[in-house]
Amino acid sequence: MTLTLPRRAVVDLGSNSVRLVVFEGESRNPVAIFNEKAVLRLGRGLQQTGRLNEEGVHQALTVMSRYHAVARAMRAHPFEVLATAAVRDAENGPAFVEGLRARMPGVPIRILSGKEEAALSAAGVLCGIPNAEGILLDIGGGSLEAVRLLAGRAIHSETMRLGVIRLADRAGGDLMRARTIVEEDTALVPWLAQGAGQDLYLVGGAFRALARIHMAQTSYPLNMLHHYTIARDEARDLAGVVAGASRRALERLPGLPRRRIDDLPFAAVVLRRLLRVTGAARVVFSANGLREGWLMEMMPAHVRGDEPLTAAARDMAMLFSRDPTLPPALMDWTGALALRETTEQRRLREAACWFSDIASHDHPEYRAEQGFLRVLRQPGTGIDHHSRAFLALTIAMRYEAELDSPFLAPARMLLDMASAQRAEALGAALQLAYTLSAGTPDLLAGTSLSIADGKLVLDLNENAGVFAGESVIRRLGRLAAVLGLDPYTGNERVYADIPP
């Protein structure tokens, strides 16, 4: 079989777990086509013995042999191993690496310094949140990487021995002692306070487990951790509950992965202290981290420079749309609706134009729902939950979904009234554009939309093969109703039968 897209594989060999991820293609939004993790706890007991856990070492050799076989079978190149805190700090770390090299000859194994680990984590977060500002925290089993992000750049970094396994070992399992250790270690990093009023970006499995608990407690409508955002007070209360709960109480918490029960109170102690030290206003969880940062190192400059949401929408248009040359024309055509449009609203409108035909090959009865779900759940990393909901609702409206359709509930819950109305208007405009143009830029060029004096005016060049038929009149009326305007074609008032 000939592969048309390149594949790259990386192993994240950490203190708690080892994970293989295989990425496919060259994209601003990393596409993982294989992801497997084994919990080995290599760093258990490292604080006391100075050595990697022997049972974990034995298991790691077997697991890594499998990962090597998977990478070769999937024709992934390069295939690289990134070893982090436990391996770099352990007395027997070099011998362990030599054992791995004997099993996997020719496979690069990089033992990352704390600075390198922090830099890759930052690159991974910035891959999905390019303008991030605040403090990034990447928690593992052996270490905590902290990075100061300013206008999408990493300007300071520090590695602390506050990974969940190492912190538990240093504290002898005592949470009160752990609090003191975290206070003492973070006091040595004065720039953490520069995150006041900004965001705290959280990376790592223990932090993600906290997010899952919060999502379950609040019945959050979208089961996606990436870009999940909560206010400072909510994060502080969550961390306080987890840090103070008995094991039995933790077992009853909804959404908590059972394998995280021992680690989670220590992650909560770290989070609660860092909220206080940084003064962050919000917590933003990121599924991107070290592995995505590694991948971005290899991307061509033009890929790294892409705006991630636009890139994701464009990629999907290339896969699903009938004519990927139409979206730029739609962007110009819908410009009449862009009065007082912010930069972010313009970015979303452009993405909606790229997404606008992605259900064209689906069954007509299910295009609205399929398009909605495809956008809401698409794997792009540069799209936050509000944007997902806005774009999904826009595409549902483009396919004339009923406003009270049950499948729209997640978007309705995530959007305020003004955002929902903008989505409905943009979706109705896109539907009108497709009705006029049959999805072609040539026919669309014979039409224009404008707003003046309380009127929504559609001008048609009849010589271009477009005319104001029943479906055009109805859809123009629907768009005008959403905008609170009177519909006109040329100088003629349109009377459309618009469903309530």
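Predicted model: local features only at pLDDT ≥ 70, side-chain atom pairs only at ≥ 80, totals over all residues.
Student: How far does helix α8 reach from its first C-alpha to its last?

Tutor: Helix α8 covers residues 205–218, which is 14 residues. The expected span is 1.5 Å times one less than the number of residues. For α8 that expectation is 20 Å, and the helix comes close to it, reaching 20 Å.

Student: How many of the 14 residues of α8 are buried?

Tutor: Buried means under 20% relative accessible area, exposed over 50%, and partly exposed in between (1.4 Å probe, protein chains only). The buried residues of α8 include F207, L210, I213 and M215. The helix is mostly covered, and its buried count is ten.

Student: Is E117 buried or exposed?

Tutor: E117 lies in helix α5 (residues 114–128). Beyond its neighbours within four places in sequence, E117 is in contact (heavy atoms within 4.5 Å) with residues including R88, E145 and L290. Because its relative accessibility is 7%, E117 counts as buried.

Student: Which residue in β4 stands opposite V11?

Tutor: Strand β1 (residues 7–13) has both faces covered, with V11 on one side together with R7, A9 and L13. Two strands pair if DSSP finds at least two bridges between them. In β4, the residue opposite V11 is V81.

Student: Which residue of β2 is the bridge partner of L13?

Tutor: A hairpin of three residues joins β1 to β2. In β2, the partner of L13 is V18.

Student: Which strands stand at the edges of the open sheet?

Tutor: Four strands form this open sheet in the order β12-β13-β14-β15, with mixed pairing. An edge strand here has a single partner, so one side of it is left without a neighbour in the sheet; the two strands placed like this are β12 and β15.

Student: Which residue in β15 is the bridge partner of T489?

Tutor: β14 (residues 486–489) and β15 run antiparallel and are joined by two bridges. The partner of T489 in β15 is E492.

Note on methods: Residues numbered from 1 in each chain as written. Heavy atoms only, no water.
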